[in-house]
Amino acid sequence: PGVLCDGQRRHRDPGGEAPSIHPGDAKGKMKNAILIAQEFQSLLPAFENPMYTEGYEGFYHVTGMEGDESQTVLGMIIRDHDREKFEARKTFVKNLVDYLNGVWGEGCFELDMKDSYYNMKEKVEPEYFFLVEYAKNCMEELQIIPRIQPIRGGTDGARLSYMGLPCPNLCAGGHNFHGRYEYVCVESMEKIVKLLVKLAAKRYE
C-alpha cells in the first residue's frame, strides 16, 4: 500500500495547495508530515518485518519514504502465506490509518492499497502438485538436491497461477537477490537449462 501523510491538510487554501508553515510561526499549527509518517511506521509490529521473519512468517515491509514537512508518501508491502492472516494484516493497516486520522485530523492520512498477487499454493496444491513432484524428480535425475521452500517475494509464477496457468517457481541459480551483490554463476544456469529441457520432455513420457 501507499500511505500519504499530509501535514497541512487543515491549512489548504481554496486553490487546493498545501502551503508550508514557517517554523517561526509553527507552534500549535504545524503538522510535520515526515514525523507523522515516522509515527505510522513506529506503530507497525516491530518484529514483523523482513529483518526478523523467515519461512512462512508474514511481514510488513516499508520500501520507501519521500516528501517534505508538508506532504510525505510512504510505500510498503504486506506479505503473508496464509490468506486469512494476509487479510488480517491489511485490516490492521487500514485501522492504523483510521486511528492516526483520529489523532491528527481527518484527511491527514490517505491509504492507497492494492492487491498485487496471492500465494500460488492456493492454486497449485489442490490439483497440480504433480508439477512440483515432476520438478523434484527431474532435479534428482540431474544430481540437484531439491529444496522446497517458500518464496518470500513476488514472482511471475504467482500471477500466472491466478491467471489460470499453475506455475510453481523453479530456481535459477541466483544468489543475494535484489542486493548490490546479486549474482548467478554460469554453471548453475547451464544446469537449470538441462532441468527445463528434462521437464519439457516429461510431457511426452
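In this predicted model, Tyr60 is buried, with a relative accessible area of 6%. Phe92, at 30% relative accessibility, counts as partly exposed. The rings of these two residues form one of the 5 aromatic pairs that a search of the whole structure finds. Their centres lie 5.7 Å apart and their planes meet at 50 degrees, so the pair is tilted. Because Tyr60 belongs to strand β2 (residues 59–67) and Phe92 to helix α2 (residues 83–104), the pair ties together parts that are 32 residues apart in sequence.

A further pair is formed by Phe130 and Tyr134, whose planes stand at 75 degrees, so this pair is edge-to-face. Phe130 and Tyr134 are 4 residues apart in helix α4, which means that about one helical turn separates them. Phe130 is partly exposed, with a relative accessible area of 39%, and Tyr134, at 34%, is also partly exposed. Ring pairs link Tyr128, Phe130 and Tyr134 into a cluster.

| Ring pair | Distance between centres | Angle between planes |
|---|---|---|
| Tyr60 and Phe92 | 5.7 Å | 50 degrees |
| Phe130 and Tyr134 | 5.5 Å | 75 degrees |

Helix α4 itself covers residues 130–141. Its 12 residues reach 16 Å from the first C-alpha to the last, close to the 16 Å expected at 1.5 Å a residue. Val132, Ala135, Cys138 and Met139 are buried in α4. Seen down the helix axis, the buried residues of α4 fall within an arc of 130 degrees, so they line one face of the helix. What covers them includes α3 (121–124) and α6 (186–202). After α4 comes Gln143, whose phi is positive, near 60 degrees.

Key:
Residues are numbered from 1 along each chain as its sequence is written. This is a predicted model: local features need pLDDT of at least 70, side-chain atom pairs count only at pLDDT 80 or more; totals for chains, interfaces and linings use all residues. Side-chain values use heavy atoms; hydrogens and water are left out. Helices (H or I, at least four residues) and strands (E, at least two) are DSSP runs, numbered from the N terminus. The expected span of a helix is 1.5 Å times one less than its number of residues. Buried means under 20% relative accessible area, exposed over 50%, partly exposed in between (1.4 Å probe, protein chains only). The arc is that of the directions from the helix axis to the C-beta atoms. Contact means heavy atoms within 4.5 Å. Rings of Phe, Tyr and Trp (its six-membered ring) pair if their centres lie within 6.5 Å; planes under 30 degrees apart count as stacked, over 60 as edge-to-face and the rest as tilted.
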